[in-house]
Amino acid sequence: MAGLVGTSMALFLVLPAFNPHGSFAYWSLVQESPGAHHGGGDDVLTLLHRGTIGLVTPEIKVTTLVLLLAAAVFLALRSTLLWVALPTLVWRFGSNNDVHWGTHFHYSLVLMPIVFAAFVDALVRRGTSGRSLRRYLGASGAITLVILPSFPLFQLVQPETWRTEPRVAVARRLMDRIPDGATVQVSDHLAPQLTSRATVGLYGSPGNGRVPRRGVSDLARRVPVSRASATPWDQAPGSRSG
């Protein structure tokens with residue numbers, strides 16, 4: 001009950017209080033897909049599809065479920081604790097943003113502790129011990145090692161992660177040319193370096209009414225945030241600045 005009350009207060013009171021438009025900004029992600037027909041029957045059918053078949057299609061959603069449960073040898077399915085993960089899975093798979101469906105980003109961060117708590121709970125309920133326990137734990141470790149290369153954490157053991165590329169210095173020089181108080185659009189990995197002294201928007205995203213006079217985009221790492229075409233920028237090695 002406390003969780004429901006806290007979530008409701010965050011969605012309907014706290015977060016809207018910080019939003020200039022006075023509402024929770026992400027309701028659109030669980031509404032009809034872009035381009036859907038707006039009519040009573042069409043709206044109902046769209047919502048019905050997204051709340052049923054749409055929760056497991058396309059196949060990337062099923063892949064995400066498999067990867068979430070694999071490290072727990074799927075034994076977490078035998079614990080009622082796993083129900084705690086259901087609301088997060090529903091909003092992710094019901095979202096019209098395909099970034100939420102997969103495992104490349106951080107959206108499974110809150111789910112994995114629940115999955116492993118359910119794994120431990122299932123082992124305890126089964127009275128697993130001795131050789132059987134070692135077999136389950138060994139299988140969990142082996143599966144984790146097999147799937148680890150598909151996750152960003154694996155980058156920590158890759159040499160290129162620890163090399164500073166020349167484009168980094170170029171990007172820093174370009175950002176140094178942006179005056180304090182400017183309105184600017186930059187790619188997401190560069191944004192935190194400017195928010196303390198400029199009005200920053202993500203490169204390619206819809207504006208908030210203020211027209212950016214400058215922009216810097218790291219083309220090698222930029223995550224697309226909009227299908228809209230961007231304003232042409234003057235190009236420099238590894239980055240774009242205007």
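I looked up Arg-125 and found it exposed, with a relative accessible area of 60%. I noted the cut-offs: buried is under 20% relative accessible area, exposed is over 50%, and partly exposed lies in between, with a 1.4 Å probe and protein chains only. The model is predicted: local features need pLDDT of at least 70, side-chain atom pairs count only at pLDDT 80 or more, and totals for chains, interfaces and linings use all residues. Residues are numbered from 1 along each chain as its sequence is written, and side-chain values use heavy atoms, with hydrogens and water left out.

Next I checked what Arg-125 pairs with. Its side chain meets that of Asp-121 in a salt bridge, at 2.8 Å from N to O. The term means a side-chain nitrogen of Lys or Arg within 4 Å of a carboxyl oxygen of Asp or Glu. Side chains of opposite charge can pair when their charged atoms come close. Both residues sit in helix H5 (residues 112–126), four residues apart, so about one helical turn separates them. Helices (H or I, at least four residues) and strands (E, at least two) are DSSP runs, numbered from the N terminus. Asp-121 is buried, with a relative accessible area of 18%.

**The other salt bridges**

How many salt bridges does the structure hold? I counted three.

One of them joins the side chains of Arg-167 and Glu-165, at 2.7 Å from N to O. Arg-167 counts as buried at 17% relative accessibility. Glu-165 counts as partly exposed at 36%.

I then turned to Asp-180, which forms a salt bridge with Arg-197; their closest N and O atoms are 3.0 Å apart. Asp-180 lies in the loop between helix H7 (166–176) and S1, and Arg-197 in the loop between S1 and strand S2 (199–202), so the pair ties together parts that are 17 residues apart in sequence. Asp-180 counts as exposed at 61% relative accessibility. Arg-197 is partly exposed, at 24%.

I moved on to strand S1 (residues 183–186), where Gln-185 lies. Is Gln-185 buried or exposed? I found it buried, with a relative accessible area of 11%. I left aside neighbours within four places in sequence and listed its contacts, among them Tyr-203, Pro-212, Arg-214 and Gly-215. Contact means heavy atoms within 4.5 Å.

I placed it in strand S3 (residues 214–218). Gly-215 is buried, with a relative accessible area of 1%. Its C-alpha atom is separated by 9.3 Å from that of Leu-202, 13 residues apart along the chain. Leu-202 is also in contact with Gln-185.
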